[in-house]
Amino acid sequence: MQAAPTVLIMGPPGAGKGTQAGQLAEAFKLRYVATGDLLRTAVANATSLGVEAKGFMDAGDLVPDELVIALIRELASQLPSDAGLLLDGFPRTREQAVALNDMLHELGRRVDIAIDIQVPSEVLVERLSGRWICSSCQTPYNVNSKPPVKDGVCDRDGCELYQRDDDTEQAVRNRLAVYAQQTKPVANYYLDQKVLVTLDGNQPPDQVRSHLFSAMRSRSS
Ligand code: AP5
């Protein structure tokens, strides 16, 4: 692993990427970038990107490659050379993976580890229908497996919890189909580069985290 590593966290909608990413970023001193969060902020602020992205996101489709690649290119150009990076939700197509490879190459970096969290589809549908998210810090909760102490309120900062517009059953089913068709094959790109680590995400969050941290440490040593 490079001194300033580039780490990807991949997997289907609801696999637990956001749940794991915060602690992973903190423990390994990585700058955390989630394209879904960036796009939702753009939608909330009604920027030109947000206006273009909203319809795709609400339907559970991918936002066009050129928009998302431009977003990541801008971020990468501002990244200090000594900063580690954790990307959540990017790349999601082969075109995005190739563009990321080129961007990192220009910066003298490469993907050090691509962590692919896998969970059966029927578990994902149940997880997403029970998900509530903090409107401020984005911490995910779940009415079934991880309820907040006080209904509708974030344990960490006391802000209000909300449900995402694309967590409706119809949008979730489309997101899973889009994932299977366009994003799952991206794992092969990283398998070929010998940086892919696949984890079983269908176990309690603490166990997933423990396997995730072990995979990171074994790459660091
Ligand atoms: P994005 O925000 O990235 O959504 P996603 O990939 O669909 O993933 P989620 O955030 O839904 O799930 P997660 O894996 O983070 O799960 P979480 O930890 O919350 O993208 C949204 C949209 O933006 C896309 O559909 C697309 O339109 C657009 N977009 C984003 N990036 C793009 C790109 N690169 N290109 C084009 N378009 C892009 O957990 C889910 C629930 O399960 C929570 O309730 C949690 O508490 C619970 N949970 C988590 N882990 C466990 C566990 N181990 N056991 C039990 N419950 C658990």
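This is a predicted model: local features need pLDDT of at least 70, side-chain atom pairs count only at pLDDT 80 or more; totals for chains, interfaces and linings use all residues.
**Notebook: ligand shell and ring pairs**

I began at the ligand and found a polar side-chain atom of N142 at 2.9 Å from one of its oxygen atoms.

Next I looked up R164, where a polar side-chain atom sits 3.0 Å from a ligand oxygen atom. For G89 I went to the backbone: an N or O atom there lies 2.8 Å from a nitrogen atom of the ligand.

How much of the ligand's accessible area does the protein cover? I wrote down 95% of the 1100 Å² that the ligand has on its own.

Then I asked which elements give two or more residues to the shell around the ligand. My list reads α1 (17–27), α2 (35–44), α6 (121–129) and β6 (140–142). With four residues, α2 gives the most.

I also took down the size of the shell: 35 residues surround the ligand. T19, D61, R92, R131 and R175 are the closest.

**Rings**

I turned to the aromatic side chains. A pair of aromatic rings is described by the distance of the centres and the angle of the planes, so I jotted down both each time. How many aromatic pairs are there? I got two.

My entry for F28 and F213 says the ring centres are 5.3 Å apart with the planes at 80°. Planes over 60 degrees apart count as edge-to-face, so that is what I called this pair.

Where in the chain do these two sit? I found F28 in the loop between α1 and β2 (30–34), and F213 in helix α9 (residues 205–220). They are 185 residues apart, so I marked the pair as a link between distant parts of the chain.

Y189 comes in at 11%, so I put it down as buried. Y190 has a relative accessible area of 1%, so it went down as buried as well.

**A charge over a ring**

Which residue lies over the face of Y141? I found K146 there, at 4.8 Å from the ring centre.

How values were computed:
Residues are numbered from 1 along each chain as its sequence is written. Side-chain values use heavy atoms; hydrogens and water are left out. A residue is near a molecule or strand if one of its heavy atoms lies within 4 Å of it. A polar contact is a pair of N or O atoms within 3.5 Å; within protein, one must be able to donate a hydrogen and the other to accept it, and residues adjacent in sequence count only if both atoms are side-chain atoms. Accessible areas come from the Shrake-Rupley method with a 1.4 Å probe; for residues, only the protein chains shown count as cover. Rings of Phe, Tyr and Trp (its six-membered ring) pair if their centres lie within 6.5 Å; planes under 30 degrees apart count as stacked, over 60 as edge-to-face and the rest as tilted. Buried means under 20% relative accessible area, exposed over 50%, partly exposed in between (1.4 Å probe, protein chains only). A charge sits over a ring if NZ of Lys or CZ of Arg is within 6 Å of the ring centre and within 35 degrees of the ring normal.
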